[in-house]
Amino acid sequence: MSILDAPVVPVADTHDLSVWPGSTRPSPTGDLTVGGVSLAEAADRFGTPVYVLDEQEIRDRCRTYRTAFPDADVVYAAKAFLCRAMAHWVREEGLGLDVCSAGELALAVTTGFPPERIVLHGNAKSPEDLRTALRLGVGRIVVDSTSEIARLAAITPADTRQKVMVRVVPGIAAGAHTKIRTGTDDQKFGLSITDGSAQHAITRILDQPHLELVGLHCHIGSQIATTKPYVAAVRRMVGLLARVRDQHGVTLPQLDIGGGHAIAYRPGEERLDIRVLAGRVRAELEDGCARAGLPVPRLTLEPGRAIVGPAGVAVYRVLAVKRTGDRTFVAVDGGMSDNPRPALYGVRYAPRLIGRPATAPPRLVTVVGRHCEAGDILADEVALPGDVRPGDLLAVPAAGAYHLSMASGYNLVGRPPVVAVADGIARVLVRRESLDDMNRRDIGL
């Protein structure tokens with residue numbers, strides 16, 4: 001079906017590769033290569049939908065953090081995306097790992113990741129999460145509630161001391177959406193400075209002989225594009241470190257300021273400059289500690305999206321094109337089961353036609369998924385060539401984070417595979433979920 005009656009849009013952004021992996025190259029045939037691998041050929045070989053990860057992009061981004069923060073612990077936030085290969089790459093590049101469950105922890109350790117370089121998070125850790133962390137020897141556990149203190153102290157072996165941090169709510173609103181702002185008192189994470197619950201938790205931990213309080217932790221939100229909220233968080237956390245010293249005579253050696261570093265999903269969007277962040281955080285930490293008469297604590301950061309997000313590309317095949325009312329819909333063979341983020345947070349992407357040259361001017365369309373929800377929209381009001389048709393391939397950049405990790409079994413379509421590309425070679429990291437996989441879980445009548 002033709003969409004030539006849809007609104008014509010400027011052509012400039014259709015050639016902008018600024019939000020694609022750095023190895024992305026266009027071809028005269030309308031295709032794109034990533035890591036030296038044709039996306040169209042990858043779609044034909046591995047099927048669609050498919051996630052393509054540029055291994056070198058991930059490694060380069062790990063190195064950017066290590067260079068910007070040479071004296072800090074950089075731990076990759078596994079919730080953004082985790083598989084065995086990802087854990088291996090992160091380990092090789094000198095980063096630690098931040099996990100949120102016994103499942104993530106076990107996958108990492110059985111892949112060979114050193115448990116002492118792992119941080120366990122979670123606002124509601126299960127007994128199994130805590131037992132697994134203790135059994136495997138996780139480096140640090142971030143305490144998120146007072147009830148967790150008693151639970152953890154009760155199961156920690158008598159001849160050991162588990163290192164813990166307290167997750168503090170510093171009272172700072174930051175983040176691109178209300179659902180991902182975690183630094184204020186009106187959400188589920190952490191313990192508040194304002195109402196004294198953070199200070200109470202610190203006192204309780206210091207009274208536990210089998211728990212060793214090594215520092216404070218905060219995470220103020222996600223998709224934060226400016227350094228100002230981080231500087232403010234550091235200032236408040238240093239103030240609390242000083243109060244701990246004054247009240248308890250304890251100088252805590254570590255400070256974790258979380259992650260949440262913004263990436264661009266579409267050309268022109270803001271992203272956080274990691275080098276600028278490093279300079280301003282370091283300056284505030286050193287100045288604040290000097291004013292308080294504190295030694296500078298060892299810093300920890302937890303980037304996730306900013307490492308893997310820009311390295312991923314999702315490739316879909318068009319199934320249908322139709323005009324309904326004033327809108328043109330381009331339906332693809334994936335959707336909210338492999339990327340729920342547009343439905344959850346209103347995230348906007350910039351899909352691109354690949355695999356053939358465009359022969360018509362771009363028009364505004366809405367790219368939708370195959371699922372039984374009106375909100376199953378992958379990209380609303382985006383420019384695609386006016387001759388897009390069933391069978392075409394669409395590639396979506398900045399798709400490495402919070403896609404497959406948040407994927408569901410909706411409509412039993414199966415989760416897509418993950419394919420790594422590097423030096424012209426493609427290999428499967430995570431295979432496609434099959435109907436047989438799903439059937440094996442359904443054991444009753």
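**Exercise 1.** Which residues of helix 2 are buried?

*Solution.* First, some ground rules: this is a predicted model, where local features need pLDDT of at least 70, side-chain atom pairs count only at pLDDT 80 or more, and totals for chains, interfaces and linings use all residues. Residues are numbered from 1 along each chain as its sequence is written, and side-chain values use heavy atoms, leaving out hydrogens and water.

Now pick out the buried ones (under 20% relative accessible area, 1.4 Å probe, protein chains only): Glu55, Glu57, Ile58, Arg59, Cys62, Tyr65 and Ala68.

**Exercise 2.** Find what caps the N-terminal end of helix 2.

*Solution.* Look at Asp54: one of its side-chain oxygens sits 3.1 Å from the backbone nitrogen of Gln56.

**Exercise 3.** Work out the surroundings of Thr300.

*Solution.* Start with its place, strand 13 (residues 298-301). Thr300 is buried, at a relative accessible area of 0%. Then list its contacts (heavy atoms within 4.5 Å): skipping neighbours within four places in sequence, they are Asp73, Val75, Arg140, Leu255, Asp256, Ile257 and Gly258. Finally, check Arg140: its side chain and that of Thr300 are joined by a polar contact of 3.1 Å (N or O atoms within 3.5 Å, one able to donate a hydrogen and the other to accept it; residues adjacent in sequence count only if both atoms are side-chain atoms).

How values were computed: Buried means under 20% relative accessible area, exposed over 50%, partly exposed in between (1.4 Å probe, protein chains only). Helices (H or I, at least four residues) and strands (E, at least two) are DSSP runs, numbered from the N terminus.
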